[in-house]
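Dear colleague,

Please find the structure below, handed over for your records. My notes on what was found in it follow directly after.

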Amino acid sequence: MEEFIHGLSRLELLKRGALGAAAIGGADALLRAGGAGAAVSAPKPGGKLVVGIGQSFEDINVLTAFGYRWGQLMAYAMYDTLVKYDKNGRAVPLLARSWSTPNAKTTLVKIRQGVKFHNGDPLRVEDVVWSLNRIHDPVKPASNNFLALPKDIWGKAVKVDNQTLRITTKKPARMIESFRFWFIMPENADDLNLGEQPIGTGPFQYKNFVKGDRLDLERFPDYWNGSRPYLNELTFRFLADEAAQVANFLSGDVDYLHDISVATLPQVDGKRNSKLIPSGLFFQWWQPQMYFGPLKDVRVRQALQWAFDKPTDNRVAWGGRAVPTWNPLERSPYSIGKAWPGGGPVPKYDPERAKSMLAAAGASNLKLNMMILKDPGPWTREAPVLQQGFKKAGINANIQVLPAAQWFDRLYTKRNHEGIAVNAGSLPFPWALIANYMMKATLLKNPPKYPKGAIPALEAAYNTAFSPKNEAQYSASLKAVQRLMLSQAAAFHTMIASNQNVAPKRLMGVDSTLIGDQRFDGAYLA
Amino acid sequence: MRLLTPFLSLVGVLLAIAMITFAIATALPGDTAEIRVGKRDDLTSGQRAELVAAERERLGLDQPVPWQFVIWLEKAVQGDLGVQEGGGSVGKAVLERIIPSLELAFLTLAVSLPLAALLALRSVRRGKRVFSVVAGQLSTVGFVVPQFWLGILFVIFFAVLLGWLPASGYESFRELPVEHVRRVIMPLITLVIPTTAVFFHFMRQSLREALGTQYIRTARAKGLSETAVLYQHAFPNALLPSLTVLGVQFGQLLGGVVVVERIFNWPGVGGLLIYSVERQDFSTLIACVMAIAAAYVLMSTLIEVAYRMVDPRIRRA
Amino acid sequence: MSWLRHNIRLQIGLLLLAPFAIAALIPGVIAPYSPTDLVDVPFAAPSGDYWLGTDELGRDVLSRLVYAARTDLKISLGATLIAAVIGVSIGLLTGYRGGAASAVALRVTDVMLAFPSILLALFLVAVIGPSDTIVMLALMILYIPGFLRFARGMAMSLRERAFVEASVISGAGSRYVIWRHLLPNAIGPLLVGISLTAAYTLLAAATLSYLGLGTPPPAPSWGGMLQASFNYVFQDWRYGIWPGLCIVTVALGYMLVSEGIEVAVQRSGSAGAAVGSVEPTGLSGSTATGGQAT
């Protein structure tokens with residue numbers, strides 16, 4: 001089977017969009033090429049790196065705590081996955097030595113030999129089999145189970161022999177790209193206490209964990225990959241405050257800031273002999289409540305498309321560093337000015353037009369609720385700016401701040417958020433989730449009134465997109481979904497910005513994936 | 001017997017707090033069971049509802065609230081405070097975290113009390129009126145500056161600009177005592193400043209009142225020196241009322257270190273509290289509240305016992 | 001205005017508070033711009049148009065400070081006054097009546113004082129969502145015990161006094177006694193306690209804003225502005241000084257007023273002034289009113 005979109009399966013697209021979810025995108029001009037640069041010297045062993053991350057952890061159990069971007073950073077240090085992705089989106093063997101797909105529902109994987117866990121036990125096929133099944137356990141979900149295959153697709157993993165395992169699925173599915181997220185643990189890891197003593201096969205092993213402060217790791221001397229890792233010590237400091245990130249960096253308590261915000265970047269850029277390593281693309285959009293409330297009417301949503309003050313937003317909230325797009329569904333993010341598949345002119349900020357469209361829909365003086373997350377992020381600056389922009393269109397917006405758990409609950413679990421809610425992720429686009437969101441309307445008792453035939457058409461397109469017969473069919477169904485979503489105004493105002501990491505100039509070899517994750521196994525201090 | 005009653009009321013107070021916390025926690029929005037089950041797009045809503053019901057049953061959330069409380073109490077008394085999401089024991093987690101908080105609280109008291117006492121004693125001496133006024137106003141200023149501002153200013157000054165101290169973090173005293181001390185200095189000073197201010201004002205007032213009593217006038221008439229009057233007579237009498245302030249301040253410190261812990265990444269119980277509220281980790285939340293409340297109530301009970309032992313007037317009552 | 005004369009503390013205190021009170025009452029008149037409008041580029045330098053420059057989004061700092069005055073003063077005074085009314089009424093009543101109610105009230109205040117202050121705010125915000133009212137509610141509950149204990153203690157000691165006994169003998173009901181005898185004597189120390197508590201609530205509200213539990217954006221509050229300034233301190237260090245100064249000045253004003261009232265009460269020699277150890281004296285009022293929470 002061939003790779004469809006730059007090595008990305010549609011199934012993976014299903015999972016994109018949850019905050020911090022990892023996904024790979026195509027080549028991207030926002031990323032300046034060669035972040036880490038060509039090595040100026042051969043890797044030198046030794047040294048310590050202190051990485052500052054924007055979330056605090058009370059728990060380091062890979063099964064429960066490492067669902068989102070910061071956690072995955074630490075997981076990659078202690079655990080290995082079956083494959084990883086290089087800069088061109090090609091799968092690179094890690095714990096999986098090779099793989100093949102004899103038929104559409106089966107994948108065979110050969111496991112690398114000679115790999116050891118941190119406690120000295122050898123990696124066996126049983127460990128991999130157990131890990132994969134555990135990640136897909138419907139009863140005891142792992143924290144990153146939204147990166148697992150859906151239950152109606154995943155079958156099971158079984159051992160074939162001491163080197164091989166077989167994964168079978170209920171429906172045809174490509175899963176090679178999902179391998180990137182499935183961390184391999186020892187068999188029956190539920191009985192070990194991975195929160196107290198993490199045991200993986202990764203380049204760094206557990207040394208010390210001070211809850212709420214930091215995770216200390218040290219080099220795993222028996223790592224399977226040659227002389228890697230080079231660094232002797234790797235520490236992750238939890239700095240949930242942007243101010244703390246800056247202060248700790250400037251004082252020298254932290255060497256590397258991961259995924260630093262637009263606001264704090266000017267304060268550290270160039271300071272302390274540092275450089276910027278771009279990685280991944282951060283993508284933020286606003287999701288409307290289409291089932292009830294004032295945005296139930298598609299005309300109101302279409303009017304809203306003209307009320308987002310993108311230029312001011314980019315200038316003020318994103319420091320001019322973001323690329324505003326209108327089309328969240330293109331495979332490439334650069335759809336500014338490109339043909340608007342929805343038909344008609346490409347929306348831009350035109351408050352008068354929005355006002356008249358709202359009046360035509362009988363929704364003048366619209367009251368809008370804007371839901372954002374309490375955690376620091378671009379939305380804290382963007383929301384007040386957009387709110388001002390809405391005012392000029394006669395829209396009365398109020399900002400509601402929710403802790404992450406509640407945000408997730410309202411947006412995904414109960415789907416009862418009112419107004420528009422901010423959502424974000426990494427590339428590629430979570431169009432599938434948005435489409436999913438639209439489709440679920442059919443499961444409601446009183447689904448909103450879509451144009452005749454809209455939902456069945458959307459469902460059909462959606463299903464085809466996820467199990468296409470070939471590339472052509474996939475492209476066509478993708479376009480169909482896109483068109484529908486745009487005409488239904490199912491998502492608003494997208495901003496795309498490059499993730500930036502601040503690193504010491506002499507740090508080389510950081511493996512920055514295009515999804516914004518980093519691996520430090522090849523990092524060294526020149 | 002007189003000394004026993006405070007301990008009885010301690011239990012009563014703790015029980016009351018447990019009940020209130022339980023009641024409020026159950027009012028938290030966001031069903032814990034729903035959150036644990038997660039999105040599960042792969043299931044139909046019917047299947048998912050089944051899963052949520054099962055999880056709710058597993059967590060014991062389907063029982064009526066008072067019954068849940070009784071179950072919790074029964075387990076807690078035996079030492080089982082539940083299990084965290086990651087698998088660790090709640091009791092252990094809270095114990096680990098309350099010790100650094102207690103350390104800050106006790107250290108703060110250990111520094112503030114003598115400091116305040118010295119300043120107060122000097123302020124009430126004859127001829128030290130200017131000192132008294134200056135000290136008084138300075139301490140008021142030290143009190144009105146928000147603690148979080150003070151903390152950040154220290155970080156900027158001592159860590160970033162001067163580079164003398166680390167900006168944040170925690171090292172175990174047993175393993176790296178020097179590093180531990182380097183990291184406790186700034187949080188300590190941030191807490192000491194307002195605490196000393198409060199103690200200073202109170203002690204100064206108590207001393208003034210004590211100095212105005214008949215008892216002191218007699219001592220002076222007997223010809224005792226100013227110093228003797230102050231240290232041997234006024235001060236011990238002023239100490240007793242200070243005990244009550246101590247209790248309240250200790251409570252404030254325990255609850256109030258939250259901000260300081262956050263700025264300096266000090267792994268205290270405040271951070272765990274906030275974390276458990278946001279993650280809706282019921283068991284940890286209750287355990288944290290009880291730990292803080294227990295520490296405070298124990299402290300005030302001990303103070304009350306000390307009061308009764310020392311003050312002959314009350315003992316008779 | 002005899003109570004004002006020769007009372008330098010009271011004078012300075014009121015002087016410090018006055019501009020903020022005016023700002024809180026008529027913000028629209030004083031503030032040159034709306035607090036939420038983006039008027040210029042972020043971090044514009046102070047100029048004739050923007051006396052204190054602009055903030056991280058380009059809003060006028062001065063206007064935001066003025067509107068924040070309304071929010072912060074409303075919260076601090078509101079919480080304090082309501083806590084005082086509730087606490088004092090219950091305290092006077094149970095203290096005067098004595099008996100079981102009095103003992104129960106004392107135990108209840110024990111529980112309330114033992115409850116971690118921050119938790120209450122966290123809970124309320126989690127249940128209802130961040131807002132001014134929530135902060136006010138949480139702070140109110142925090143300071144009721146202090147007022148209750150103070151009033152209770154005052155009632156308990158005053159009820160033994162001759163003039164009260166005389167009143168009771170001549171047939172006065174408890175409400176009459178409380179209203180006519182206890183309250184007037186308590187007013188002095190009570191006012192001291194109120195202004196002191198107002199300082200505490202202001203600081204506590206600022207701290208809650210810092211933790212993200214206060215007014216939701218974009219409405220300004222001093223604590224929120226101070227917190228935001230930390231994220232940019234190495235870019236524009238002057239930004240944080242203004243909201244911080246406002247907090248300090250108003251809190252200082254409250255404290256000076258409280259000290260001033262105390263001096264005035266002592267000079268007047270009322271019965272309330274002579275009541276013993278529950279009397280708040282400057283910061284030592286923390287015994288009665290609970291200290292600086294968080």
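Two strands are treated as paired if DSSP finds at least two bridges between them, and strands (E, at least two residues) and helices (H or I, at least four residues) are DSSP runs numbered from the N terminus. The model is a predicted one, in which local features need pLDDT of at least 70 and side-chain atom pairs count only at pLDDT 80 or more, while totals for chains, interfaces and linings use all residues. Residues are numbered from 1 along each chain as its sequence is written, chains are lettered from A and ligands numbered from 1 in the order in which they are written, and side-chain values use heavy atoms, with hydrogens and water left out.

Strand pairing in chain A

Strand 6 and strand 7 of chain A form a hairpin, with 4 residues between them. The two strands run antiparallel and are joined by 5 bridges; across this pairing, Val158(A) stands opposite Arg166(A) of strand 7. Strand 7 of chain A is also joined by 5 bridges to strand 5 (residues 106–111) of chain A, again in an antiparallel arrangement. There, Thr106(A) has Thr168(A) in strand 7 as its bridge partner.

Aromatic contacts and charges over rings

Over all chains, the structure holds 29 aromatic pairs. Rings of Phe, Tyr and Trp (its six-membered ring) pair if their centres lie within 6.5 Å; planes under 30 degrees apart count as stacked, over 60 as edge-to-face and the rest as tilted. One of the pairs is formed by Tyr79(A) and Phe183(A), which is tilted, with 6.5 Å centre to centre and 55 degrees between the planes. This pair links distant parts of the chain, 104 residues apart: Tyr79(A) lies in the loop between helix 2 (69–78) and strand 2 (83–85), and Phe183(A) in the loop between strand 7 (164–169) and strand 8 (204–210) of chain A. Both Tyr79(A) and Phe183(A) are buried; buried means under 20% relative accessible area, exposed over 50% and partly exposed in between (1.4 Å probe, protein chains only).

In chain B, the ring centres of Phe154(B) and Phe158(B) are 5.9 Å apart and their planes stand at 35 degrees, so this pair is tilted. Phe154(B) and Phe158(B) are 4 residues apart in helix 7 (residues 147–161) of chain B, and therefore separated by about one helical turn. Phe154(B) is buried, with a relative accessible area of 15%. Phe154(B), Phe157(B), Phe158(B) and Trp164(B) form one aromatic cluster.

A charge sits over a ring if NZ of Lys or CZ of Arg is within 6 Å of the ring centre and within 35 degrees of the ring normal. In chain A, Arg272(A) lies over the face of Phe249(A), at 5.0 Å from the ring centre, and Arg353(A) lies over the face of Trp306(A), at 3.9 Å from the ring centre.

Chain C has 12 helices and 0 strands. Of its 294 residues, 62% are buried.

Ala23(B) is found in helix 1 (residues 5–26) of chain B and counts as partly exposed, at 43% relative accessibility. The C-alpha atoms of Ala23(B) and Pro66(B) are separated by 8.5 Å, although the two residues are 43 residues apart along the chain.

With kind regards
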